[in-house]
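Subject: Structure handover

Hello,

The sequence and the structure are below. My notes on them follow.

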Amino acid sequence: MSLQYQHPYLSFMALDPSIKKKMPLTQIVAIHDDLISRSTIRGTLLLRNELTKQWYEFYVIVTTPYLLIFESEEKMNKMEYYAIVNICECSIHVRESKMPGFCFKIEALKKTLCYKHGLNGETLSKHNDLFLVFRNENVIKGKEWFTQIENAISLAITKYKTQPTSTVREQFDSSSKIKPSLPPKTFEMIKSTPYINVHSYNEEDIKKVKPLSPSSSLSQINALKTKQIEQIQPVPEIKDTKKQKKEETLKEEKGVINNSLQQSLSHYVLAQNDLKEFFDATEEGKSIIWELLKQVRPGMDLSRITFPSHILEPRSFLVKTTDYFAHIQYFKPISEEPDPGLRMLGLVKWLLSGFYLMPTGIKKPYNPILGETFRTMWKHEDGSRSYLLGEQVSHHPPVSAFYATNRQQGWMGNGYIDFTTKFNGLSASIILGGKIDIYLLNFNEHYTMTFPEALASGFFVGPMLMEIAGKSVFECKETGYKAEVIFNLRGTFSSDKYQTVDAKITKNGEEVYKIWGNYYKELFYCGKDKVKKSLLKIDDIRGKSVPRYTIDMNQQGKMESDKLWIKVTNAIYKGDQITATEEKCILEEAQREEVRKHESEGTVHIPKYFVKDSFLGWKYVDFNNSKFNPDKELGDYEDEYHIKPLLKEQNDCIGDGKQVKEELLTSSNETNNSETLKTDHQSSMNTQNSGDEKCKKVDELKEELNQVEARIKNITFTQNQKTIDIIKQLKKFIVILLSINIVLIALVLKLLLK
């Protein structure tokens, strides 16, 4: 037996399809899985149809000496082959094409490229071609595919070159009475042996193998094959010292980073996300006008009118901004993509990846309190961390500023949202002004993104719906690329456009990509070649977001979102809307009191972590858009809303290997401890001077009671006034609707009489 004929499946592929069909399915699956596991590169490529001259997207796997082609990755999982290419007798060369990207051609040296039948004996869709033409829209990735396939062909020709068909048949069917032996019967033995290389026969082993005579029995053949397999020895692993040293160095550096950043993660805990269960459990879609009118009774206190439970969302608007970063993992491939057009396409994909989380019914989050803050973190598989910080910087108009960063992955962003509403008669528009400034640090590019609007409808009759409307625009002056994403609305008599988008990406005014689809189901795109390709399948990303962490409730400050609204949130989850409304009014009235205090003293509220900026609008105080330097930096960490870099020189200055900045990284814990010590000290002082303090406490309690009574009166008065105004507006709208109905009825009667 020659060294060139030892791949375990070349003889198997030459078998008659009727024999393959009789084989156990478990052996076919084992062969399929083994071929996939041997792959050197896999992914989507464009394949040209020589009849229609059109390009179609296929899922291709290179596993020497084969090229496996499927219509999609799902077809690959189901073992539905489109083509199996034997690359032992073919050539590859670059092919010029008018289409964008990198094009290459694989051509057969003898007969055809593809097998006629698959692993299970089924007839393959593609088996008569003399050549195949592939293309990748990304030039760099196309060249990588070309190199990988070229190396696979060289290896296949050198090591597995196919013998003539007659030789194969003589070897496995030397007598008409002897059936060919099936390699898959011994496959499980090979697969179960660790680090076994089925091509590792040496010359002495080959000399020991005796040629099979025509009179050999089937049992002799199988016994000989089993003996040969048992004699196969594990291949000693060839150690590359340079590569090994490099891997050890990287491992050590990664360990240092993790150890150094561990202290900054000590106050973060995994965020609980039970909003989906809440949305599913609460009622959606009903009109709130009739719900409010049903509560009105003669002589009742209007302040007791409460909003129905299905309109309230148990989180602040600051926390709701995390929906934009639901699939924050898309930023890493964007920051590594060499093609600027595909970078812009990736940003559009990121924007549209989170809208499916929005409930179809109307859910209103809390209006953030002036000075309210929020911080969260995502922990990635590569060891890096993404941080998001937010602060309510203005009350009138309401403005929320936020900052997100992961410089290790090569991106960061600074933005703000100016929240306004506009009533349109039968619907309300929620206008999200402001923008996000996104920086891709590896390419020194600056992108600006505007927000779409939201439209709430169905107040009077129902169903109540929340739709994304308007337009979102990405723009990069450095590359000249611009993306416009238009969100379509539900029609009056048709819902075909409901939850769909139409977008285009242009470069200096010329269209490069077109995007369309349903952001609750699937989105598609095409380039200049007009080939339809899948951009994003929502079902594939549900529940696959990066784990998000938030600050432990016990360590949060009094103005942090979760702790600030905890009483309102608990009441909403319990379905107690009266308590929720009362607690919400207390917080809002405290904010009004704070505003009145500033007005009376002639002062203004000064945000803690953002400053007004003429270019960015609101700029984070520790804004950092410098490129991450792995030679000098270990990573970023968050300390009391300040994101700071941890330098290697700071870590090297400690000889015993302890974490540098340990006191700084754990300052939140120390702050809490110091506060506890202060409290204990004060309590001891109060114990010593208890006699003198009792009178003062009584007076203070009286003053606090008077203030509470005054606040309750203010709350009741303002709520009564608002409710009265709402009722007056409702009456006007009802009169208008009734008059319109009367006019319509009159017109109908007039037409009938005619």
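Lys533 is located in strand β24 (residues 533-537); helices (H or I, at least four residues) and strands (E, at least two) are DSSP runs, numbered from the N terminus. At 3% relative accessibility, Lys533 counts as buried, where buried means under 20% relative accessible area, exposed over 50% and partly exposed in between (1.4 Å probe, protein chains only). The Lys533 side chain makes a polar contact of 3.2 Å with the side chain of Glu137. A polar contact is a pair of N or O atoms within 3.5 Å; within protein, one must be able to donate a hydrogen and the other to accept it, and residues adjacent in sequence count only if both atoms are side-chain atoms. Not counting residues up to four places away in sequence, Lys533 touches Leu46, Glu57, Glu137, Phe524, Tyr525 and Gly527 (contact means heavy atoms within 4.5 Å).

This is a predicted model: local features need pLDDT of at least 70 and side-chain atom pairs count only at pLDDT 80 or more, while totals for chains, interfaces and linings use all residues. Residues are numbered from 1 along each chain as its sequence is written, and side-chain values use heavy atoms, with hydrogens and water left out.

Next, the sheet. Seven strands, in the order β4-β3-β2-β1-β7-β6-β5, form an open sheet with antiparallel pairing; two strands pair if DSSP finds at least two bridges between them. β4 (83-86) and β5 (90-94) stand at the edges with a single partner strand each, so one side of each has no neighbour in the sheet. From one strand to the next the twist averages 35° (axes are lines fitted to C-alpha atoms, for helices over the stretch in contact, and angles run from 0 to 180 degrees between N-to-C directions).

Buried residues in α3 include Ile28, Ile31, Leu35 and Ile36.

β2 is mostly covered, with seven of its ten residues buried. β2 pairs with β1 in the antiparallel sense over nine bridges, and Trp55 in β2 is the bridge partner of Arg48. β2 and β3 run antiparallel, joined by five bridges, with Ile61 opposite Leu68 in β3. The hairpin from β2 to β3 goes through two residues.

Regards
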